[in-house]
Amino acid sequence: MSQNLTLARPYARAAFALARDAGRSAEWSQALAFSARVAADPQVQAVLGHPQLSAADAVGLVAIDGADESVQRFLALLSDNRRLGLLPEIAGLFEELRADADRVVKAKVTSASDLPAAELDSIKAALVKRFGRQVEVETAVDASLIGGAVIDAGDVVIDGSLKGKLARLQTALAG
């Protein structure tokens, strides 16, 4: 997997530079996400690997309808270099670059039950203070947490759940 990321990184950077310079990051993001979903399909992977598939047909297969000409040229470059299989990694790296450029941290707050809006606002404010960036919060409910919440913000995971506290207590008592 890390080799795929290594191979995908220069393509993602190039795609992001093209999108940013054209002021079309959102359109590129949508087009790459679509192409990545298509390229990740096992049936499509089998077709993309076929030696008789032309570059134009490959691009037509993975491109979103009405894709910008620059997106199509980018996909054609990937096809020429036999790199369409890297689209899931390229799309993921593109999104990381976009979020970093927009100075946005994406955080997922998973709680045992739905959190009140005031509590979510408080969590968001604390994350903004911690990261010094705008924060986009996505929520999820996982009843197995028993109580509290787990906050996953990129490289930072804060486990304030009762389930996590019990697990840490059990480890401390066993050790």
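Biologist: Two strands pair if DSSP finds at least two bridges between them, where strands (E, at least two residues) and helices (H or I, at least four) are DSSP runs numbered from the N terminus. In what order do the 4 strands of the open sheet lie?

Modeller: This is a predicted model, in which local features need pLDDT of at least 70 and side-chain atom pairs pLDDT 80 or more, while totals for chains, interfaces and linings use all residues. Residues are numbered from 1 along each chain as its sequence is written, and side-chain values use heavy atoms, leaving out hydrogens and water. The edge strands, each pairing on one side only, are E2 (134-141) and E4 (156-159). With mixed pairing, the order of the open sheet is E2-E1-E3-E4.

Biologist: Which residue of E4 is the bridge partner of isoleucine 151?

Modeller: Strand E3, residues 149-153, runs antiparallel to E4, and 4 bridges join them. Across this pairing, the partner of isoleucine 151 in E4 is isoleucine 158.

Biologist: At about what angle does helix H7 run to E2?

Modeller: Helix H7, residues 117-131, lies across E1, E2, E3 and E4, contact meaning heavy atoms within 4.5 Å. Axes are lines fitted to C-alpha atoms, for helices over the stretch in contact, with angles from 0 to 180 degrees between N-to-C directions.

Biologist: Which residue forms a salt bridge with glutamate 69?

Modeller: The structure holds 6 salt bridges, each a side-chain nitrogen of Lys or Arg within 4 Å of a carboxyl oxygen of Asp or Glu. In one of these, the closest N and O atoms are 2.9 Å apart, and glutamate 69 is a member.

Biologist: Which element gives the most to the lining of the largest pocket?

Modeller: A pocket is an open set of points on a 1 Å grid where a 1.4 Å probe fits, with protein on both sides within 12 Å along at least five of seven lines, and lining residues have an atom within 4 Å of a point. The largest pocket holds about 380 Å³ of space, a volume filled by probe spheres set on the points, joined across faces, edges and corners. Its lining has 13 residues, and Glu96, Ala99, Val104, Gly154 and Asp155 are the closest to the centre. Helix H6 (87-101) and strand E1 (104-111) are the elements that give two or more residues, and the most, 4 residues, come from H6.
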